[in-house]
Amino acid sequence: MACFTNCASGVAKLLGGSTTGSFKVCICGGAGGIGQPLCLLMASNPHVSELCVFDLTIAMVPAEGVATDLSHLEKKSRVKGYAL
């Protein structure tokens, strides 16, 4: 998380402004055991404006379900789920 914040700060300096809520993030494999906590962290990050959760249709948990769970959090980012 610190790496993402440092990277966002560097981009803000280059662009001459704030990057709060300006990143669109795609998590491939977001319905898996590692992807779900990663999606939660990214959805809670104030720099992320949109989060897309992608996973295969054969996944045990559907990506749309993960996106629906995350959409109930009080945050600024929009969360969408996609199945491949």
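User: What makes E1 and E2 a pair?

Analyst: Six bridges join the two, and they run parallel. Strands pair if DSSP finds at least two bridges between them, so six is enough for E1 and E2. In one of these bridges, Cys26 has Cys52 in E2 as its partner. Bear in mind that this is a predicted model, where local features need pLDDT of at least 70, side-chain atom pairs count only at pLDDT 80 or more, and totals for chains, interfaces and linings use all residues. Residues are numbered from 1 along each chain as its sequence is written, and side-chain values use heavy atoms, with hydrogens and water left out.

User: Why is the unit of E1, H2 and E2 called right-handed?

Analyst: The term applies if, with the strands pointing away from the viewer, the path from the first strand over the helix to the second runs clockwise. E1, H2 and E2 make a β-α-β unit of that hand.

User: Which residues of H2 are buried?

Analyst: Gly35, Cys39, Met42 and Ala43 (buried means under 20% relative accessible area, with a 1.4 Å probe and protein chains only) are the buried ones in H2, residues 35–44.

User: How do you know that they're on the same side of H2?

Analyst: Their arc around the axis, taken from the directions from the helix axis to the C-beta atoms, is only 100 degrees, so they share a side. These buried residues pack against E1 (23–28), E2 (48–55), H3 (63–71) and E3 (78–83), where contact means heavy atoms within 4.5 Å.

Notes: Buried < 20%, exposed > 50% of the residue type's maximum accessible area, 1.4 Å probe, protein only. Helix = DSSP H or I, 4+ residues; strand = E, 2+ residues; numbered from the N terminus.
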